[in-house]
Amino acid sequence: MVISKKPRSQNHYPNPNFMREDRTEMSEDDDRSSPSDSVNTIDSCSNKTTSGSTSGSGPSSIPEYQAPYPDQVLENVLENVLCFLTSRRDRNAASLVCRSWYRVEALTRSDLFIGNCYAVSPRRATSRFTRIRSVTLKGKPRFADFNLMPPNWGAHFAPWVSAMAKAYPWLEKVHLKRMTVTDEDLAVLAESFFGFKELVLVCCDGFGTNGLAVVASRCRQLRVLDLIESEVSDDEVDWISFFPESATCLESLIFDCVDCPINFDALERLVARSLSLKKLRLNRYVSIGQLHRLMVRAPQLTHLGTGSFRPSEDVAQGEQEPDYTSAFAASKSLVCLSGFRDIIPDYLTAIYPVCASLTSLNLSYANINAEQLKPIIGNCHKLQIFWVLDSICDEGLQAVAATCKELRELRVFPIDAREDSEGPVSEVGLQAISEGCRKLQSILYFCQRMTNAAVIAMSKNCPDLVVFRLCIMGRHRPDHVTGEPMDEGFGAIVMNCKKLTRLAVSGLLTDRAFNYFGRYGKTVRTLSVAFAGDSDMALKYVLEGCPRLQKLEIRDSPFGDAALLSGRHHYYNMRFLWMSSCKLTSGGCQQIAQELPHLVVEVFNHEFDEDMGNFVNTLYMYRSLEGPRDDAPKFVSIL
């Protein structure tokens, strides 16, 4: 089932913000100007004078005027206009107008987004875009979060940081997602960019506390260090102590995924001298008593991750505990709360003073019941984002629906992800949310049982849904009331939610549901499928009917070569296609590779799948300007 992810202790739940798409094609243009050419063109043309004396009244005393080339004027005007164009999609469209627009757009772009690190080479990217200050780079596909990607597959940051060090010495920001980053990479980053300010690593691996120490010590203007759902090895290095002893520029420090003890005294001193700090998320080695000390030092925090929400084990018995409630009451700016690991529910009363101001609350690590939730959620009238465990049951979701009328995003995670577990939330909770939270735009809902009626109700009550991900954890589960497939429910979602861009489906689904997706899913960009469909026609409906489809993820479904070949007309417009444990053969994969030579077609089997014969365990296909990559491991075959 699609929910068989890494254990929650490894903090590997997928991030909700990956539905934004961008063209990654970067065509070459050999006639490039240097970064300063377009700025100085008019001046160098308009200030020309003839040689000889300029005095007197004769013709020789009048400076000769030479009109600039029309393209030079246009490029200068465009440069001033395009500086105000921030949307990646708009910029990509502008770059396709003509060669001149292409060149000027590249010169004025400061933020570079690459949705697949193998879609373009570092050399090509840095030679086209010469003024970049911020880079966002994504590596492995999302199914890597579900242990479906073999280890050591690739997505190395090393070639990118090496190229950027030469091309962008002024680089300020790097955001990486699902990339393999080594300590050596972090050292190159810290040494190469003199004004570096922001490092965000989401679902990354390969580095440890030694690399963090280098970043902390050498990036003297660092404002943001966010480590989110990444795997950080414990090198027994006190990395917190490596931040400068003087006042820092830190605005955000997130390290809740660092699963090793930290030097709390060093952390407390760091927080005290970081007067601009607004976001702080702590790991589970920080107790609630230590949290209190940090909150006293930093009452200006707007985002707080609490760490472990229980006292430290070394607190002496009988010792009076701090007034946690007063500390939260003094934090007048708090709008976002998360953490609550190893929670003792009795301590939740401490957060009551800030509930009325919260716009985001993450309780996805807090094993609490409905009665413990109600006093909190009853005061969260401004809440827009809420993550929670299904331990709150349908009753807890009904309380959320009764209060949180401004809710935009809801995620309900399973406390027990086994397929045969007793699911404490059901269609009752989903229907309550749809009736009470009509402004909902994004939902991720794990459950064991569901009905078409509840999903249809959500499609009608929440027409502004952009993301709908319903994970019925048992395989091929029908409507548990009628016994019918879940076709009509998911069909209603694509029919009634006109803004839908991301859809994840589960339960018993026939080809009829996929027919609905093809007919009505005209805005869908990301589709995730698990254990669904009857035949190749299901996938054909989607590939022929969803013109904006960018990312298609399929696992454990009965789709074979005919289904794969039915999308040959559309694959060049997609970012990637992932199919694992389907019915693909090596011949079918080879055929698609031959017919579409500008796609990279990777196939690989896991070690335990050596007896699959002519069948392929996993196909990962993506568009690329560079052709096959040169760092593929032995278990990957590139066709």
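Predicted model: local features only at pLDDT ≥ 70, side-chain atom pairs only at ≥ 80, totals over all residues.

User: Why are helix 9 and helix 10 called roughly parallel?

Analyst: Helix 9 (residues 264-273) and helix 10 (residues 288-297) pack at an angle of about 20°. Angles under 35 degrees count as roughly parallel. That makes helix 9 roughly parallel to helix 10. Their axes are 9 Å apart.

User: Which hand does the crossing of helix 9 and helix 10 have?

Analyst: The crossing of helix 9 and helix 10 is right-handed.

User: What makes the contact between helix 9 and helix 10?

Analyst: From helix 9 come F264, D265, L267, E268, V271 and A272. They meet Q290, R293, L294 and R297 in helix 10. By class, this contact has five nonpolar, one polar and four charged residues.

User: How do you know that helix 14 and helix 15 are roughly parallel?

Analyst: The axes of helix 14 (residues 427-436) and helix 15 (residues 452-461) cross at roughly 15°. The cut-off for roughly parallel is under 35 degrees. Helix 14 and helix 15 are therefore roughly parallel to each other. Helix 14 passes helix 15 in a left-handed crossing.

User: Which residues of helix 14 and helix 15 make the contact?

Analyst: Helix 14 brings E427, L430, Q431, I433, S434 and E435. Helix 15 brings A453, A454, V455, A457, M458 and N461. Seven residues of this contact are nonpolar, three polar and two charged.

User: Why is the pair of helix 16 and helix 17 called roughly parallel?

Analyst: The axes of helix 16 (residues 487-496) and helix 17 (residues 511-520) cross at roughly 5°. Under 35 degrees counts as roughly parallel. So helix 16 and helix 17 are roughly parallel to each other. Their axes come within 9 Å.

User: What does helix 16 meet in helix 17?

Analyst: D487, E488, F490, G491, V494 and M495 of helix 16 meet R512, A513, Y516, F517 and Y520 of helix 17. The residues of this contact divide into seven nonpolar, one polar and three charged. G491 is in the contact, and Gly counts as polar.

User: How many cavities of 30 Å³ or more does the structure hold?

Analyst: The structure holds six. The largest cavity has a volume of about 190 Å³.

User: What lines the largest cavity?

Analyst: The lining has 17 residues. P141, R142, R178, K551 and F576 lie nearest the centre of the cavity. By class, the lining has four nonpolar, four polar and nine charged residues.

Terms used
Residues numbered from 1 in each chain as written. Heavy atoms only, no water. Axes fitted to C-alpha atoms, helices over the stretch in contact; angles between N-to-C directions. Helix = DSSP H or I, 4+ residues; strand = E, 2+ residues; numbered from the N terminus. Parallel < 35°, antiparallel > 145°, perpendicular 65-115°, else oblique. Left-handed = near helix turned anticlockwise from the far one by under 90°. Contact = heavy atoms within 4.5 Å. 1 Å grid on protein atoms, 1.4 Å probe; cavity = no way out; pocket = protein on both sides within 12 Å on 5 of 7 lines; lining within 4 Å. Points joined across faces, edges and corners; volume = space filled by probe spheres on them.
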